[in-house]
Amino acid sequence: MNSYQPQAERHAFLLMEVLRAPSVLAELPALAEHADAALLTQVVEEAGKFVGDVIAPLNREGDEVGAQWKAGAVTMPPGFRDAYQAFWQAGWPSLACAAEDGGQGLPTVLEAVLHEQLNAANHGWTMAPGLLHGAYECLRHHASDEIKARYLGKLASGEWLATMCLTEPHAGSDLGLVRTKAVPQADGHFALSGTKIFISGGEHDLTDNIVHLVLARLPDAPPGPKGLSLFLVPKFHEDGQRSAVHCERIEEKMGLHGSPTCVMRFDEARAAIVGEPGKGLNAMFVMMNAARLLVGLQGVGLLDAAWQKAHAYAQERRQMRAPGSASKAGEADAIAQHPAMQRILDTQRAWVDAGRVVAYRTALELDTQKHHPDARRREAAARWCSLVTPVLKSAWTEQAFTGASACLQVLGGHGYVREWGIEQHVRDARVAMIYEGTNEIQAIDLLVRKTLPDGASALQALLADLGDDLRGLPEAGRTREALARFAQFVRDRLLPLTTGTSTTPERPYWLADDFLRATALLLMAWAWERVAATPQAPAGTPQAANAFWRWVWPEFDMRLGMLNATLSS
């Protein structure tokens, strides 16, 4: 089956026409020179060409051959190293990095589009540079001048890659249980010892050096999360000496065979502290939040890749007569003409395009948060990013898995065998629901940590902003009514949970998953209202919109009913 091909026309339509990115960027002095639709479109198109020509063709062999471990060294699948060298030398990792660090200073949203394309084309390969920009931002905001001088330019360019070393055998999402130790040395460095697991790209041959960012404890650190500090350990030091860091093995996984998931052992490795002692999570959250946006884009991209395969197959495969067919007697119709297949394909298209609108808007809000001259506008952008990122990460990674499985159904038995390649998307997508904070943790983050503590003021403001954004669109009444209804539900039913009258303190945790899902559906409705109000949409857009309102949107009332039922129980 042909490999994934980026759809630059759809990317550009949603970015330039639906979200009006040039107008948004024109308000940001640091990015105003890039507020040109022709420039933005050219970058999207050139990214698509590189991804389609260089990265996508490696996906099949990367899955079948996989990363290979031998005596502590990892060899990547054929073609992976050459593709990565071409990637960084062409300047793709440096798109959104600051010019003073050797980057191109372009808008974050272009990096978002690029990573959606990369993940759709070859999820395993893209795991290597997936953490790169987050590591760059982490060092840029928290590292000493000495560390920045040595590492920042290499990460900005992508010449070196980075890891995020958090998880330990006994400590997954509960980072307060981390035991890795960092002991101060006379020369000002630290001797770091411990074992980290599930480290994506902990060892490979793509680059000449790897920068490990590691959470660990100082000897006098208090227990729990407040005792964690962040340290940097390179694979090779400046003098060429290799660090005391060892890859003990790579995991045999359900999917992502092209990405080495490593068990890393640090044996008194020479480390430098990043940021202040005891503030490691603050520094690491810069990296984790960047990663969560990109994981949401993984979901969008993987679903699109599965849809492309299913859509192409449905045009060619002929089976039976479709209802209302005008074919001659005895002729079979393409399965794309059968309503059951149309429903599957159009529904996944609805999720893909809505996910793009939400993700691209989030990337634009990240730049707005950094660069807008108006403090109130920066505050609104920060609110969007805080509340929407966990929704994007959770809802669209779940849909990547369930939607890819639905797309496999279009191929029938041919989808279940490896020949057509769609089963790989199902396997690869599953892990995105787990890493960078499981989807359940994202739901708890949204409701318990970000909505209830401030009396839902941030969420209510977000809902009001979405409603105001749709004001003047004559067909958007149903979505504005739903936004108002959800705001009333939050005010009348959820907020009493914070008054101390509840005898079931665990109740918000029972509500969290349905709450996040309902929020995701509202964001999808907002996105499709925006698309519907934009003329000259690409082919297939009306069918996807119809599928959303028919077969996805009714779930909103179901989720609201489930929330009310849980509150009443």
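Modeller: The count comes to 39 salt bridges. Keep in mind that this is a predicted model. Let us pick one of those pairs. Glutamate 203 forms a salt bridge with arginine 242. Their closest N and O atoms are 3.5 Å apart, and the cut-off is 4 Å. Where do glutamate 203 and arginine 242 lie? Glutamate 203 sits in the loop between β5 and β6 (210-217), and arginine 242 sits in the loop between β7 and β8, so the pair ties together parts that are 39 residues apart in sequence.

Now to the strands. Follow β9, which covers residues 261-274. Which strands pair with it? One of them is β5, residues 190-200. β5 and β9 pair in the antiparallel sense, over eight bridges. To find your place, look for glycine 194: phenylalanine 266 in β9 stands opposite.

Next comes β8, residues 245-250. β8 and β9 run antiparallel too, and five bridges join them. Here isoleucine 250 faces cysteine 262 of β9.

Then there is β7, residues 228-234. Three bridges join β7 to β9, again antiparallel. Leucine 232 is the landmark, with alanine 272 of β9 opposite.

For contrast, turn to the helices. Two packed helices are described by the angle between their axes and the distance between the axes. Take α12 (residues 375-410) and α15 (residues 439-449). They pack at an angle of about 150°, with their axes 9 Å apart. That makes α12 roughly antiparallel to α15, because angles over 145 degrees count that way. The crossing of α12 and α15 is left-handed. On the α12 side, the contact is made by Leu387, Pro390, Val391, Lys393, Ser394, Thr397 and Glu398. On the α15 side are Asn439, Gln442, Asp445 and Leu446. By class, this contact has four nonpolar, four polar and three charged residues.

The other pair is α1 (residues 8-18) and α3 (residues 37-55). Their angle is about 145°, and their axes are 9 Å apart. α1 passes α3 in a right-handed crossing. α1 brings Ala8, His11, Ala12, Leu15 and Met16 to the contact. α3 brings Ala37, Leu40, Thr41, Val44 and Glu45. What classes do the residues of this contact divide into? Seven are nonpolar, two are polar and one is charged.

Definitions and conventions: Residues are numbered from 1 along each chain as its sequence is written. This is a predicted model: local features need pLDDT of at least 70, side-chain atom pairs count only at pLDDT 80 or more; totals for chains, interfaces and linings use all residues. Side-chain values use heavy atoms; hydrogens and water are left out. Axes are lines fitted to C-alpha atoms, for helices over the stretch in contact, and angles run from 0 to 180 degrees between N-to-C directions. Helices (H or I, at least four residues) and strands (E, at least two) are DSSP runs, numbered from the N terminus. Angles under 35 degrees count as roughly parallel, over 145 as roughly antiparallel, 65 to 115 as roughly perpendicular and the rest as oblique. A crossing is left-handed if the near helix is turned anticlockwise from the far one by less than a right angle, and right-handed if clockwise. Contact means heavy atoms within 4.5 Å. Ala, Val, Leu, Ile, Met, Phe, Trp, Tyr, Cys and Pro count as nonpolar, Asp, Glu, Lys and Arg as charged, and the others, Gly among them, as polar. Two strands pair if DSSP finds at least two bridges between them. A salt bridge is a side-chain nitrogen of Lys or Arg within 4 Å of a carboxyl oxygen of Asp or Glu.
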